[in-house]
Amino acid sequence: MNWSISFEPLLTWPLLAMVLVPLLLLAAVGLWFRQRGAIFRFAALIALGAALLNPVFLDEEREALKSVVAVIVDRSQSQDIGDRTKQTDEALAGLQQRLARFKQFDVRVVEAGKSEAAEERTETKLFAALEGAFRDVPPSRIGGAIMITDGEVHDAPPAAPDFNAPLHALITGNEHEKDRRIRFENAPRFGLVGKPLDMTYRVIATDGETGPVDVRVSVNGEQVAVEEATIGQPMPLQVTIPGAGRNIVELSIDREPGELTDANNRAIALIDGIRENLRVLLVSGEPHAGERTWRNLLKSDASVDLVHFTILRPPEKQDGTPINELSLIAFPTRELFVEKIKDFDLIIFDRYQHRDVLPILYYDYISEYVEKGGALLIAAGPEYAGDASIARTPLMSSLPAMPTGEVIDKAFYPRLTDLGQRHPVTRGLDGSASEPPHWSRWFRTIGVQNPEGEVVMKGADNRPLLLLDHKGEGRVGMLLSDQGWLWARGFEGGGPHVQLYRRIAHWLMKEPELEEERLTADGRGMVLEIRRQTMSDDPGPAQVITPSGKALIVKLEKSEPGVFLGSIETKEIGLYQIGNGDLTALAHVGPVNAPEFSDVISTEDRLKAPAEATGGSVRRLAASSTLGQLTGSVALPSIVPVRASGAASGADWIGLRTTDDSVLKAVSRVPLFGGFLGLGLLLLAMGAMWYREGR
């Protein structure tokens, strides 16, 4: 029973004051001057005031509330090391059993570090989980918190957390653990293809070791060097970026005997390779309507350095004009095709014919240039079918098709072939999905025979229009019409000349995204996405090897002609190896060099300050290092309910605060001056006063 007294005045306070204050003054004056019956008058006044104030006894029925206790369980990946998971499970089971004995505690168990989001799995954020557990709890009802963790908490506050209750930490793992790890100190995000890139890294040992260690350096899965590093010292590293796009540089060290884990014995850097400006040599055989189409396109590409020559006057035309009056320079054939031919990434012959401007031997140099990895594009016109065709030179060994001598002047819509619908140069070309294609017609096709390579576009009478071929280590393209300028000029609505010409040029210069056979993979959150470009109808499934060495099979589904996609949800953060046919790829899932594995040694230091600031404690669970009651392989402290002002921890016990909060269930009212009792008391006081005054 909870008795209390309350006043429920019969009049408002101003009216009470108007009635009682004058009477109180009169009674006080009577007492001051010691008049006869003053005491009885004062008692009667008190009885009248009490009756008007209407005092009421209240009997409240209350239900005591429970203190809320949060048990935060660390389920991050570092907890999978050694016996930590077993220690965690045993400690949780033991705590739940002990806390169940105390009916005054409402226990909330929260497991942190199991989120599917990659950003949340790479860091151990126990205090964020603790805040969520207490979000709907008033501060007066918070009884305390117990964390089961290895101590590697990345959101620990420097002082006390935002609640007035003891915080206790039970640390998994063992004392005297040792580990080695490697990390990048400086790793640029971008690098020039084919150029050395400077980086720095460091090998760290927790046991104070300072000797040398071998570091394996791999780029895109291929080992390129073995460096000797001094443990604890920053070490320089220089790697060459092999290709444009995403490149993975990996450093790894061997596992040392007795080392806690080798999960952090590798460090990854993702570097985007950037190609220096591509050098293109454009040689136009003569001025024509479409000459500037290629020039304008290449000049507008910021990644291309263009050298353009147009043959305005062939050697056989001698008009006697003095050399010093000519405004044009001589064609530097030897410098371009002998001395600096290797500096060019692409050579384009635009309606060029052999007129002895180039010595016949130079065509051999061009063929050799293609065989060794160069790129050649023939933009053919009627000259290609004539007697002066470059197909009648030693260059013929590098050409994908020989002319028949025919020039077909006939209107047609350029169309994609079946191969062209899958080839990355022409796949999805704007306007190609409709029939006829949503672009303008062309009016000339150069006839060829026995085409090699891949015919990706066809012209009049289904004749080859665009051929793409591999020659040795190089590539050759042939566009068998000079009518592309009609698209550029907007004839009949024009067409995607910029898209087509740019793809042709960049495919010839081996742009990775335009490769016919290509396997790529990338991590999106905790999902591994695989993309396969192929000219085949079915590339088959992809084989995936996880960071832990587990083999998986991922089915690839057709997304569009020539493109197959696959994906799989993963739980491991790290480097994945993907294979399909003869192709392999690497992909990193999750943040690179995640903090979760930057330091895996169990520690009491990170939680010591916030725990002690709340009156709590930090202690290890290992039976050999902690006082407490043995439960399985861990030693748990006893649990003691404590008041807010009492101590919250001891050598072998931890305290949790109890609350004084309660919920009001019912109230019983007993008026003191209500009914006949109040009337009788009031009449008695008045009668006593009248009796005394009457004497």
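Author: Contact here means heavy atoms within 4.5 Å. The structure is a predicted model, in which local features need pLDDT of at least 70 and side-chain atom pairs count only at pLDDT 80 or more, while totals for chains, interfaces and linings use all residues. Residues are numbered from 1 along each chain as its sequence is written, and side-chain values use heavy atoms, with hydrogens and water left out.

Reader: Which residues does Arg334 touch, not counting residues up to four places away in sequence?

Author: Arg334 belongs to helix α7, residues 333–339. Its C-alpha atom lies 9.2 Å from that of Pro359, 25 residues apart in sequence. Once residues up to four places away are set aside, Arg334 touches Glu339 and Tyr362.

Reader: How many helices and strands are there in the chain?

Author: Helices (H or I, at least four residues) and strands (E, at least two) are DSSP runs, numbered from the N terminus. By that rule the chain has 13 helices and 38 strands.

Reader: What percentage of the residues of the chain count as buried?

Author: A residue is buried under 20% relative accessible area, exposed over 50% and partly exposed in between, with a 1.4 Å probe and protein chains only. The chain has 695 residues. The share of them that count as buried is 45%.

Reader: In what order do the eight strands of the open sheet with mixed pairing stand?

Author: Two strands pair if DSSP finds at least two bridges between them. The strands β16 (304–310) and β20 (415–416) each have a single partner strand, so one side of each is left without a neighbour in the sheet. Read between these two edges, the order is β16-β15-β17-β18-β24-β23-β22-β20.

Reader: At about what angle does helix α6 run to β16?

Author: Axes are lines fitted to C-alpha atoms, for helices over the stretch in contact, and angles run from 0 to 180 degrees between N-to-C directions. Helix α6 (residues 291–300) packs on the sheet and touches β15 (278–284), β16, β17 (346–350) and β18 (375–379). Its direction and that of β16 make an angle of about 160°.

Reader: Is the β-α-β unit of β15, α6 and β16 right-handed or left-handed?

Author: The strands β15 and β16 pair in the parallel sense over seven bridges, and Leu281 has Val307 in β16 as its bridge partner. A crossover is right-handed if, with the strands pointing away from the viewer, the path from the first strand over the helix to the second runs clockwise. The unit made by β15, α6 and β16 is right-handed.

Reader: Which residue in β24 is the bridge partner of Leu466?

Author: Strand β23 (residues 464–471) pairs with strand β24 (residues 474–479) in the antiparallel sense, over six bridges. Helix α8 (residues 360–371) lies across β17, β18, β23 and β24, at about 115° to β24. In β24, the partner of Leu466 is Leu479.

Reader: Which residue takes a positive phi in the hairpin of β10 and β11?

Author: Strands β10 (residues 212–219) and β11 (residues 222–230) run antiparallel and are joined by eight bridges; among the bridged residues, Val219 has Glu222 as its partner in β11. Two residues lie between the strands. The residue with a positive phi, near 55°, is Asn220.

Reader: How far apart are the end C-alpha atoms of helix α11?

Author: Helix α11 has 12 residues (497–508), and the expected span of a helix is 1.5 Å times one less than its number of residues.

Reader: How many of the 12 residues of α11 are buried?

Author: The buried residues of α11 include His497, Leu500, Arg503 and Trp507. Helix α11 is mostly covered, and its buried residues number nine.

Reader: With which residues is Leu429 in contact, leaving aside its neighbours within four places in sequence?

Author: Leu429 lies in the loop between α9 (418–422) and β21 (445–449). It is buried, with a relative accessible area of 2%, and its C-alpha atom is separated by 9.7 Å from that of Gly495, 66 residues apart along the chain. Its contacts beyond those neighbours are Trp439, Pro496, Gln499, Leu500 and Arg503.
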